[in-house]
Amino acid sequence: MQDCLFCRMSAGEIPVEKVAENDQVFAIRDINPRAPIHDLVIPREHVDNARDIQWNHGDMLAAMFALATDVARIEGVYDAGYRLAFNVGDNAGMTIHHLHLHLVGGRVLGPEG
């Protein structure tokens, strides 16, 4: 999608410092972090949100979770623990409609909701 911020980052139209990447996904630091470590794992393929995931997205989702593990190691939260979360829809706080996985850590995290 031409007007999607994450698609434009993926295409190199908007330069961004990547924490890590593979052929299907990339990770960046959130510009509005909710914890000391707050990264976004973003698929290169545009999927609006988790409601739109289909069976054929299995490899993409596996790539997202595998890269999240790498990012947790890079950011130093792999052993202490971290949270992975998808926001789905506006009421959940989704502000960019392109599927992305939040990796949050670096402190003790309380319950959500």
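Student: Is Arg44 buried, partly exposed or exposed?

Tutor: Please note at the outset that this is a predicted model. To classify a residue, one compares its relative accessible area with two cut-offs: buried means under 20%, exposed means over 50%, and partly exposed is in between. Arg44 has a relative accessibility of 23%, so it counts as partly exposed.

Student: Where in the chain does Arg44 lie?

Tutor: A position is described by the element that holds the residue, or by the elements on either side of it. Arg44 is placed in the loop between S3 and H2.

Student: Which residues does Arg44 touch, leaving out those up to four places away in sequence?

Tutor: Contact means heavy atoms within 4.5 Å. For Arg44 the list includes Ser10, Lys18, Glu21, Asn22, Asp23 and His98. Two of these partners deserve a further remark. Ser10 is 34 residues from Arg44 in sequence, yet their C-alpha atoms are 5.8 Å apart in space. With Asp23 there is a polar contact: a polar atom of the Arg44 side chain lies 3.4 Å from the backbone oxygen of Asp23.

Student: How many helices and strands does the protein chain have, and in what order do they run?

Tutor: The protein chain has two helices and five strands. Read from the N terminus, their order is α-β-β-β-α-β-β. The radius of gyration is 13 Å, close to the 13 Å that the globule rule gives for 113 residues, so the chain is as compact as a globular protein of that length.

Student: What do the overall values say about the span of the chain and its contacts?

Tutor: The C-alpha trace spans about 40 × 30 × 30 Å along its principal axes. For contacts, one considers how far apart the partners are in sequence. Among contacts between residues at least 6 apart, 55% join residues at least 24 apart.

Student: What share of the residues is buried, and what share of the accessible surface belongs to carbon and sulfur atoms?

Tutor: Buried residues account for 38% of the 113 residues. The accessible surface is about 6,700 Å², and 50% of this belongs to carbon and sulfur atoms.

Student: Let us turn to the histidines. Is His38 buried or exposed, and what does it touch?

Tutor: His38 lies in strand S3. Its relative accessible area is 6%, so His38 is buried. Beyond its neighbours up to four places away in sequence, His38 touches Arg29, Asp30, Asn32, Pro33, His102, Leu103 and Val104.

Student: Where is His57, and is it buried or exposed?

Tutor: His57 is in the loop between strand S3 (37–43) and helix H2 (58–75). With 6% relative accessibility, His57 counts as buried. Its contacts, apart from residues up to four places away in sequence, are Glu45, Val47 and Asp52.

Student: How should I read Pro36: is it buried or exposed?

Tutor: The relative accessibility of Pro36 is 58%, so this residue counts as exposed. Pro36 is in the loop between strand S2 (25–29) and S3.

Student: Finally, in which strand is Arg83, and what does its side chain reach?

Tutor: Arg83 is in strand S4 (residues 82–85). With a relative accessible area of 25%, Arg83 is partly exposed. Its side chain reaches the backbone oxygen of Gly110 at 2.9 Å. Outside four places in sequence, Arg83 is in contact with His102, Leu103, Val104, Leu109, Gly110 and Glu112.

Methods: Residues are numbered from 1 along each chain as its sequence is written. This is a predicted model: local features need pLDDT of at least 70, side-chain atom pairs count only at pLDDT 80 or more; totals for chains, interfaces and linings use all residues. Side-chain values use heavy atoms; hydrogens and water are left out. Helices (H or I, at least four residues) and strands (E, at least two) are DSSP runs, numbered from the N terminus. The radius of gyration is taken over C-alpha atoms; the globule rule is 2.2 Å times the number of residues to the power 0.38. Buried means under 20% relative accessible area, exposed over 50%, partly exposed in between (1.4 Å probe, protein chains only). Accessible areas come from the Shrake-Rupley method with a 1.4 Å probe; for residues, only the protein chains shown count as cover. A polar contact is a pair of N or O atoms within 3.5 Å; within protein, one must be able to donate a hydrogen and the other to accept it, and residues adjacent in sequence count only if both atoms are side-chain atoms.
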